[in-house]
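Hi,

Here is the structure I promised to pass on. Have a look at it first, and then read my notes below.

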There are 2 protein chains.
Amino acid sequence: MLKGHQTWVFYSKPTILASAAVGGPFEAKGAVAEDFDILHEDIWLGQDSYEKAEKKLLEQAGEIALEKAGIKKEDVQFFLSGDLMNQIISSSFAARTLGMPYLGIFGACSSSMEGLALASLIIDSKSANYVLAGASSHNAAAEKQFRYPTEYGSQKPPTAQWTVTGAGAALVGEGGHGPRVTSATIGRVIDMGLSDPFNMGAAMAPAAVDTIEAHFRDMNIEPSYYDIIATGDLGKIGHRIASDLLTDHGLKIPENILTDCGILIYKPEQPVIAGGSGCGCSATVTYGHFLNRMRKGELKRILIVATGALMSPLSFQQKESIPCIAHAVSIEM
Amino acid sequence: MLKGHQTWVFYSKPTILASAAVGGPFEAKGAVAEDFDILHEDIWLGQDSYEKAEKKLLEQAGEIALEKAGIKKEDVQFFLSGDLMNQIISSSFAARTLGMPYLGIFGACSSSMEGLALASLIIDSKSANYVLAGASSHNAAAEKQFRYPTEYGSQKPPTAQWTVTGAGAALVGEGGHGPRVTSATIGRVIDMGLSDPFNMGAAMAPAAVDTIEAHFRDMNIEPSYYDIIATGDLGKIGHRIASDLLTDHGLKIPENILTDCGILIYKPEQPVIAGGSGCGCSATVTYGHFLNRMRKGELKRILIVATGALMSPLSFQQKESIPCIAHAVSIEM
């Protein structure tokens, strides 16, 4: 049901029956390692390409979520997934393996919450019994496609971020036990004219702010409603900008509430420059860390605001600025 | 509402309040030219890149659909769109121009019906007043990205297809006048092991067949229910294979009912080899030609089965076969 201009309220409160997070060796040394279901020592996952390794991460996340819920593949109507690879091959090839009817989505790193929002809408409208939502990224596959092969050893400025090697998946259904999806705010494309692909956090911060403001306007609630409001992958730079912009706009969110998955995922001593990024960042931190904290009773209400930079290497070459977007999903215990 | 395993029945029958099709110079010489709202003489549309030209096609299709319906941009809640460009930049940059909350989708050339299916679900579940669904492709942009720049003059086998330069858009809402979306069948990924990117029609045919069979099984109706069952862009080769496969599976569909947008869009004398393809193929033929025929009273019930090849140049280089998908949407007057 539409509320306000861009928010869906899910009156049936679809349940996240199970979720899973799978990561790589760098995530294994991270700050939320204990919240991953599998942590691979081998960045190749035994595959002969990074792209195939990414597909494997996503397949595993989906399969583990199903296993935890005790639900068979055949009983899941739809798989919704997105990733950063050209033509989202990680998602489409994983969909081939999983064998479920499939809806490919793309919102760059906002794909995680775009998928969860649509999955919840599908369940809320009784258009499926079970929907699996997933998202993935792979550091080396992303570096190769968007920047340079990692073997070149190219240097990066302090505003750059580290693409997470990981995948997250959530099985959504009606009833049962688990965290409930209560609303979702779909973002507009915001472009403040920034064009530096090594400073995505700054480019995406205004989109996160726009969606957060829309969420509170549409829902007519205060930020204190939530225990945590976590942006997807703004990193240190973008997080500070988003926090300042929100304060400027009269929506001051306390430091203990406003956080960012890209800051949380790694330890301060890991050389991730401004923080984590990639579709797998908000997907693993949400479907692993945050949902685990909810299940333990540490968090009651969270708002995940997954952020995405909708550019391509070609749009950058053609001197376009970076259009950004953020989708927010509210999860309550 | 879910019916069977993978079909949504829209009991409120969302209305296509207006639709638009925009094409290029080659489409202007085609068989359904009179059904386009704008036909550009200049393949560049006055832009400095093919990618920017494609974005322009999509923006225009969206703007014309809104204009025809007499609905302002601000009153449309969501824009759903997909295209073939890496990171679907045509859709995302058009979403920046249109300024509506945006859900990016990707199903290769099936994106047109993936978008219409989701838009109808959003309207049917009262999650928006108006949703704009669009899809686009540009011949030269696609050739450059997937194959070779057209200036190379590379030769192609007789199974190859011609990417349509065009965009289609449909404004969907509740009530009002116009063709109604009554159901949608979301496809599974089907991969029969074919790997020739110059024979997409053959690769996609089994996916079209799988979705058509699922549609009739879930809806418990016969093919004769429809005046037209049109696949998206199988072309001559794929169309023949799909027709044969359906007959083999005991679902013989008469020649005057089963057709293909990729065959319909161009004249026999145009050098398009096996026929048209691209997201813009089913989008322009459906949102222009077919809906016009419905509005004139020539067609009462149609099923559009948009087909997509979910590979990338990289997955081809890595010796992967081509995973394919098809989404079917039923439109009734």
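Before anything else, one term: I call two residues in contact when they have heavy atoms within 4.5 Å. Please also keep in mind that this is a predicted model, where local features need pLDDT of at least 70, side-chain atom pairs count only at pLDDT 80 or more, and totals for chains, interfaces and linings use all residues. Residues are numbered from 1 along each chain as its sequence is written, chains are lettered from A and ligands numbered from 1 in the order in which they are written, and side-chain values use heavy atoms, with hydrogens and water left out.

Let's start with B:Asn86. Not counting residues up to four places away in sequence, B:Asn86 touches A:Asn86, A:Gln87, A:Ser312 and B:Gln145. You'll find B:Asn86 in the loop between strand S5 (78-83) and helix H3 (89-98) of chain B. Helices (H or I, at least four residues) and strands (E, at least two) are DSSP runs, numbered from the N terminus. The side chain of B:Asn86 also makes a polar contact with that of A:Gln87, at 2.9 Å. A polar contact here is a pair of N or O atoms within 3.5 Å; within protein, one must be able to donate a hydrogen and the other to accept it, and residues adjacent in sequence count only if both atoms are side-chain atoms. Within chain B, B:Asn86 and B:Ser312 sit 226 residues apart in sequence, but their C-alpha atoms are 9.3 Å apart in space.

Now the interface as a whole. How many residues does each chain bring to the contact? Chain B gives 60 residues and chain A gives 60 residues. The area buried between them is about 4900 Å², with 63% of that from carbon and sulfur atoms. Buried area is the accessible area (1.4 Å probe) that two parts lose on being put together, summed over both. B:Gln87, B:Arg96 and B:Phe106 supply 14% of the area that chain B buries against chain A, more than any other three residues.

Between chain B and chain A, 26 residue pairs are in polar contact (both at pLDDT 80 or more). On the side of chain B that touches chain A, H3(B) gives the most, with five residues. By class, that side has 30 nonpolar, 19 polar and eleven charged residues. For those classes, Ala, Val, Leu, Ile, Met, Phe, Trp, Tyr, Cys and Pro count as nonpolar, Asp, Glu, Lys and Arg as charged, and the others, Gly among them, as polar.

Next, salt bridges: a side-chain nitrogen of Lys or Arg within 4 Å of a carboxyl oxygen of Asp or Glu. The count over all chains comes to 26, and four salt bridges are found across the interface of chain B and chain A. In one salt bridge, A:Glu320 joins B:Arg96, with the closest N and O atoms 3.0 Å apart. There is also a network of salt bridges that links A:Arg96, B:Asp191 and B:Glu320.

Inside chain A, the side chains of A:Asp37 and A:Lys68 meet in a salt bridge (2.7 Å, N to O). A:Asp37 lies in the loop between helix H1 (25-28) and strand S4 (38-39) of chain A and A:Lys68 in helix H2 (residues 50-69) of chain A, so the pair ties together parts that are 31 residues apart in sequence. A:Asp37 counts as partly exposed at 33% relative accessibility, and A:Lys68 counts as partly exposed at 46%. The cut-offs: buried means under 20% relative accessible area, exposed over 50%, and partly exposed in between (1.4 Å probe, protein chains only).

A:Glu143, in helix H5 (residues 139-146) of chain A, is buried, with a relative accessible area of 5%. The side chain of A:Glu143 makes a polar contact with the side chain of A:Lys156 (2.8 Å).

Last, strand S3 (residues 15-23) of chain B: eight of its nine residues are buried. S3(B) pairs with strand S9 (residues 166-173) of chain B in the antiparallel sense over eight bridges, and B:Thr15 has B:Gly173 as its bridge partner in S9(B). Strands pair if DSSP finds at least two bridges between them. S3(B) also runs parallel to strand S4 (residues 38-39) of chain B, joined by two bridges, and there B:Gly23 stands opposite B:Leu39.

Cheers
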